[in-house]
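Visitor: I am new to this structure. Please show me how to read its features, one at a time.

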Amino acid sequence: MLSRTRRLAPSAVLLLIAGALPVFAEPSQKRMQALDTLVSAYAVYRGGRESEGRAGVENALVLDPDLAYANIVRGEVALKEQDWPSAQKYFERGLVLLKQPDQPLSPSKSPKITTKAVEGDTRCFLGYVYIKRAQQANQSGRGQEEQRYLELANQSLRAGLALSPGSEARELAERLMQLFR
């Protein structure tokens, strides 16, 4: 298992987040093992070995399917693959799990990552996914479903911007919010 006190390379900082990590409860050893697996996999994924990185993210979810960050990163992978239903599923699940008290966001105390920042990024990216789902509904002639996804997108983007998203998520959300003006 990787040391909990090692520093992460900037490329391994998940979803480009910074801040202070609140400590609620000590995560289990199994959860920390899943987080270590996730961090390694994400670095591989961001390094261009996407299929290997994706497999590592999946392994982290096998170790702990209730690790919020693993679900969120899996949602990010699905977003990049343009698998909108999977991205929605994993982002939504990650947001629910993020509210649990024993959800680590980093295997070390540095860089410090806040729940608020992770939630902000995730809600912004989820807003983008909802817009893509609305586009799919529109192309299939499902007007009510399209409208529901657009409402969810508007809510998610607003909620994300009200938190502390990173610059990438903030810029995306601000561009998308122009659709609702």
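**Reading the helices and a pocket**

Guide: The cover over the buried residues of helix 4 includes helix 2 (50-63), helix 3, helix 5 and helix 6 (143-162). Contact here means heavy atoms within 4.5 Å. This is a predicted model, in which local features need pLDDT of at least 70, side-chain atom pairs count only at pLDDT 80 or more, and totals for chains, interfaces and linings use all residues. Residues are numbered from 1 along each chain as its sequence is written, and side-chain values use heavy atoms, with hydrogens and water left out.

Visitor: Which residues of helix 4 are buried?

Guide: Start with the term. Buried means under 20% relative accessible area, exposed over 50%, and partly exposed in between (1.4 Å probe, protein chains only). An α-helix has 3.6 residues a turn, so residues three or four places apart point the same way. In helix 4, the buried residues are Trp 84, Ser 86, Ala 87, Gln 88, Tyr 90, Phe 91, Gly 94, Leu 95, Leu 97 and Leu 98.

Visitor: How many helices and strands does the protein chain have?

Guide: Helices (H or I, at least four residues) and strands (E, at least two) are DSSP runs, numbered from the N terminus. The protein chain has seven helices and zero strands. Along the sequence the pattern reads α-α-α-α-α-α-α.

Visitor: What span should helix 5 have?

Guide: The expected span of a helix is 1.5 Å times one less than its number of residues. Helix 5 (residues 115-139) has 25 residues, so it should span 36 Å; its end C-alpha atoms are 36 Å apart, which agrees. Helix 4, with 15 residues, reaches 21 Å from first C-alpha to last, close to the 21 Å expected. After helix 5 comes Gly 141, with a positive phi near 75°.

Visitor: Which residue has a positive phi although it is not a glycine?

Guide: That is Gln 82, with a phi of about 60°. Gln 82 sits in the loop between helix 3 (68-80) and helix 4 (84-98). Its relative accessibility is 57%, so Gln 82 counts as exposed.

Visitor: Is Arg 31 buried or exposed?

Guide: Arg 31 belongs to helix 1. Its relative accessible area is 7%, so Arg 31 is buried. Beyond its neighbours within four places in sequence, Arg 31 is in contact with Asp 64, Asp 66, Leu 67, Gln 100, Asp 102, Gln 103 and Pro 104. Tyr 42 is also found in helix 1. At 0% relative accessible area, Tyr 42 is buried. Tyr 42 and Gly 53 are 11 residues apart in sequence, and their C-alpha atoms are 5.8 Å apart.

Visitor: How much of the protein chain is buried?

Guide: Buried residues make up 46% of its 181 residues. Of the contacts between residues at least 6 apart in sequence, 72% join residues at least 24 apart.

Visitor: What lines the second largest pocket?

Guide: Rolling a probe the size of a water molecule over the atoms shows where empty space is left. On a 1 Å grid over the protein atoms alone, a pocket is an open set of points where a 1.4 Å probe fits, with protein on both sides within 12 Å along at least five of seven lines; lining residues have an atom within 4 Å of a point. The second largest pocket is lined by 11 residues, of which Arg 46, Glu 76, Leu 79, Phe 125 and Glu 168 lie nearest its centre. Helix 1 (29-46), helix 3, helix 5 and helix 7 (167-177) each give two or more residues to this lining.
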